[in-house]
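Me: Please show me the model, and then let me ask how some of its labels were reached.

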Amino acid sequence: MSDDETRFVSPDDVESLVFDWGVLKWLNTPEVTGSERFSAGVVRLEPGKGHERHDHPESDEILYVLDGEGEQTVGEETRDIEAGEVVFVPRGVPHSTVNTGWKTLSLLAVYAPPGPEDELREMPECTVVPPGELPTRDAGGDGT
C-alpha cells in the first residue's frame, strides 16, 4: 500500500516485523499513508520479553500503553508502566522496554519524524511477514 490518499489502515494491510521478543505493525509511515511528519505503529512484547537499550538520534518517540504492564527505562530512570500511560523518549536518549506481566504488552509507538521503523525492518534479527499473513516467528523464517 503506497497511496498518498490512504486515510484508513487495517493491521492486515501492512507487513509485520517479527522479532524473538514480539511483533511490530507500522500502520502510519510515509510508504503506507504518505505521512511525512510522524510514523505510528503497534508494538506487542511477549511476557518476559523486551528489547535492548537503544536510541533514535533523529526522532522523538512516544509510547502509549494500550494493554499489559512492563518496565520502561528512559535515560537513567526506570519505572513500571501499565495501560493508559504515556512515555516520552526525546531523540538521542537511550531507552528499553520489558514486559513484566503474564500477558502481551501492547504499545502504540509514534516517531517524529519517521525513520526508526525503517531501521528496525533492516535489522538481521527481523523477519518481515507480508500483509495479511499471521505474524508468527516461523511465518517468514525463524527470525534470525
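This is a predicted model: local features need pLDDT of at least 70, side-chain atom pairs count only at pLDDT 80 or more; totals for chains, interfaces and linings use all residues.

Reply: Residues are numbered from 1 along each chain as its sequence is written, and side-chain values use heavy atoms, with hydrogens and water left out.

Me: Why is L108 called partly exposed?

Reply: Its relative accessibility is 30%, and since buried means under 20% relative accessible area and exposed over 50%, with partly exposed in between (1.4 Å probe, protein chains only), L108 counts as partly exposed. L108 lies in strand 10, residues 105-112, where a strand is a DSSP run of E with at least two residues, numbered from the N terminus.

Me: What makes both faces of strand 1 count as covered?

Reply: On one side of strand 1 (residues 16-19) S16 and V18 are buried, and on the other L17 and F19 are buried as well. In a regular strand the side chains alternate between the two faces of the sheet.

Me: How do you know that strand 1 pairs with strand 2 and with strand 11?

Reply: Two strands pair if DSSP finds at least two bridges between them. Three bridges join strand 1 to strand 2 (residues 22-28), running antiparallel, and three also join strand 1 to strand 11 (residues 127-129), again antiparallel, so both meet the definition of a pair. L17 stands opposite L24 in strand 2, whereas the bridge partner of S16 is V129 in strand 11. Strands 1 and 2 form a hairpin, with two residues between them.

Methods
Helices (H or I, at least four residues) and strands (E, at least two) are DSSP runs, numbered from the N terminus.
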